[in-house]
Amino acid sequence: MASLAERKAYREKIMQALYEATEGNRLLGVTGAKLLHDLGIHEEDLAAACTYLVGEDLIAVDWATGNTPAMVTLTHQGIRRMEAEEEEQG
């Protein structure tokens with residue numbers, strides 16, 4: 001079981017990876033397999049983080065069998081959050 005700090009870090013990694021890969025375009029997404037490979041997150045932790053982010057209306061997920069995200073996309077709210085963070089960082 002991941003610690004609270006790890007869970008928060010996974011969520012941020014997922015958001016950042018989606019934002020970079022899609023360049024903030026809601027029409028583009030990333031497969032769960034690519035996120036697993038690129039981020040090095042265990043499948044269960046990826047599913048838990050994605051479920052949390054869906055609940056916050058930051059991402060949308062098409063689920064495959066076994067609680068694996070098939071496709072993950074940013075929502076409008078998710079894009080706005082990432083753009084706000086980018087503006088804050090300069």
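The structure is a predicted model, so local features need pLDDT of at least 70 and side-chain atom pairs count only at pLDDT 80 or more, while totals for chains, interfaces and linings use all residues. Residues are numbered from 1 along each chain as its sequence is written, and side-chain values use heavy atoms, leaving out hydrogens and water.

Salt bridges come up first. Side chains of opposite charge can pair when their charged atoms come close. Here a salt bridge means a side-chain nitrogen of Lys or Arg within 4 Å of a carboxyl oxygen of Asp or Glu, and the structure holds 3 of them. One joins the side chains of E12 and R81, at 2.3 Å from N to O. E12 sits in helix α1 and R81 in helix α4, so this pair ties together parts that are 69 residues apart in sequence. (Helices, H or I with at least four residues, and strands, E with at least two, are DSSP runs numbered from the N terminus.) R81 also forms a salt bridge with E85, with the closest N and O atoms 3.1 Å apart. Through shared partners, E12, R81 and E85 end up in one network. K34 pairs with D38, their closest N and O atoms being 2.6 Å apart. Both K34 and D38 lie in helix α2 (residues 32-39), 4 residues apart, or about one turn of the helix.

How open are these residues? Buried means under 20% relative accessible area, exposed means over 50%, and partly exposed is in between, using a 1.4 Å probe and protein chains only. E12 is partly exposed at 33%, and R81 is partly exposed at 25%. K34, at 43%, is partly exposed, and D38 is partly exposed at 44%.

Next comes strand β3 (residues 68-74), where T73 is found. T73 counts as buried, with 18% relative accessibility. Leaving aside residues up to four places away in sequence, T73 touches R26, L28, G29, L58, I59 and A60, where a contact means heavy atoms within 4.5 Å.

E23 is not a glycine, yet its phi is positive, at about 50°. E23 lies in the loop between α1 (4-22) and β1 (30-31) and is exposed at 71% relative accessibility. D57, also a residue other than glycine, has a positive phi near 60°. D57 belongs to the loop between α3 (43-55) and β2 (59-64), and its 45% relative accessibility counts as partly exposed.
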